[in-house]
Amino acid sequence: MGRPDLTILPIREALQVLSQWVQPHIPVKLLHEHEKISDANLIGIAILQKLHKQPYFSRWWHSLKINHFPNLPSETQARIRLKRLLPVIEQLSHEVQALDFVAVDSEPLPVCTFKRAPRCKFRGAKHGFSTAGLVFGFKLHAWCGLNGEIVAYDIRPANEHDYSVLCEMNRKWPAYGGPQQIGDKGYQSLTTITPPKINARKPRPRWREEFGAARKCVESAFSVLVGAGLLWGQVKTMPSLRLKVALHVLAHNLKYRDLMT
């Protein structure tokens, strides 16, 4: 069996499916008496929030506590534990796998409007540029399989050039089987397949028209993340931003996983 549609299953049944899939990845530890919910169930609830496109964790948690799980702990305790589980969630969000091709691109992650940037205290946020214009914050850099799965990603300040970040991400390149990388004109190099510039004297020998269609898989993946609420709400610290991105990527990639094994 493959992935069931968790958005149409009853909440309790969907949570059970997710919890059983997550549980083997949780480090072994005792469930203390004061913990009213297991780590696997807690991660499952956070994933369901993204799948149901609920913009605010507080409202989602409150709704579940009233309608489904009256014995849930406080929202504050849940947030603290989710941040402690961040390494597990990031590990679950993407898989190392052998690929022939990957599409590469970046998506802005603003932490505030550009006008409010001088008053923003988000540590590490920088001014930068994107296809959407000026941005203050960070960028999500990703490798995407041609089926639409996000297989690797990194969060970097918005002022870092896409190609510079790609060079750092390429340290993982052998683990993925040395795939050929398809990018836009911002990634032009000897290692990346990119379309030719308008004023290029000679066409790039490796570029073919089908690569243009293949590159759109990463743009489509970013559109899904944004539509699911990647830019909704406000975060104030890097751990919170990493948790938000990891949960969105994990929820997106679930369609490529077999949850019943």
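The structure is a predicted model, in which local features need pLDDT of at least 70 and side-chain atom pairs count only at pLDDT 80 or more, while totals for chains, interfaces and linings use all residues. Residues are numbered from 1 along each chain as its sequence is written, and side-chain values use heavy atoms, with hydrogens and water left out.

View 1. Where they are in contact (heavy atoms within 4.5 Å), four residues come from domain 1 and four residues from domain 2. The area buried between the domains, that is, the accessible area (1.4 Å probe) that two parts lose on being put together, summed over both, is about 260 Å², and carbon and sulfur atoms give 43% of that area. On the side of domain 1 that touches domain 2, there are no nonpolar residues, one polar residue and three charged residues; here Asp, Glu, Lys and Arg count as charged, Ala, Val, Leu, Ile, Met, Phe, Trp, Tyr, Cys and Pro as nonpolar, and the others, Gly among them, as polar.

View 2. Helices (H or I, at least four residues) and strands (E, at least two) are DSSP runs, numbered from the N terminus. Helix H5, residues 86–93, is mostly covered, with six of its eight residues buried, where buried means under 20% relative accessible area, exposed means over 50%, and partly exposed lies in between (1.4 Å probe, protein chains only). The buried residues are Leu-86, Val-88, Ile-89, Glu-90, Leu-92 and Ser-93, and their cover includes helices H1, H2, H4 and H8 together with strand S4.

**View 3. Val-245 in helix H8.** Val-245, which has its place in helix H8, counts as buried at 1% relative accessibility. When its neighbours within four places in sequence are left aside, Val-245 is in contact with Leu-109, Leu-140, Tyr-153, Ile-155 and Leu-230.

**View 4. Lys-53 in a loop.** Lys-53 sits in the loop between H2 and helix H3, and its phi is near 55°, a positive value in a residue other than glycine. With a relative accessible area of 48%, Lys-53 is partly exposed.

**View 5. Salt bridges within the chain.** Side chains of opposite charge can pair when their charged atoms come close. The count here comes to ten salt bridges, and one of the pairs is Asp-39 with Arg-81, at 2.6 Å from N to O. This pair links distant parts of the chain, since Asp-39 belongs to helix H2 and Arg-81 to helix H4, 42 residues apart, and both of these residues are buried. In helix H7, by contrast, Glu-219 and Arg-215 are four residues apart and therefore separated by about one helical turn, and their side chains meet in a salt bridge of 3.0 Å, N to O. Glu-219 is partly exposed at 29% relative accessible area, whereas Arg-215 is buried at 15%. Salt bridges that share partners also join Asp-154, Arg-156, Glu-160 and Glu-168 into one network.

Note on methods:
A salt bridge is a side-chain nitrogen of Lys or Arg within 4 Å of a carboxyl oxygen of Asp or Glu.
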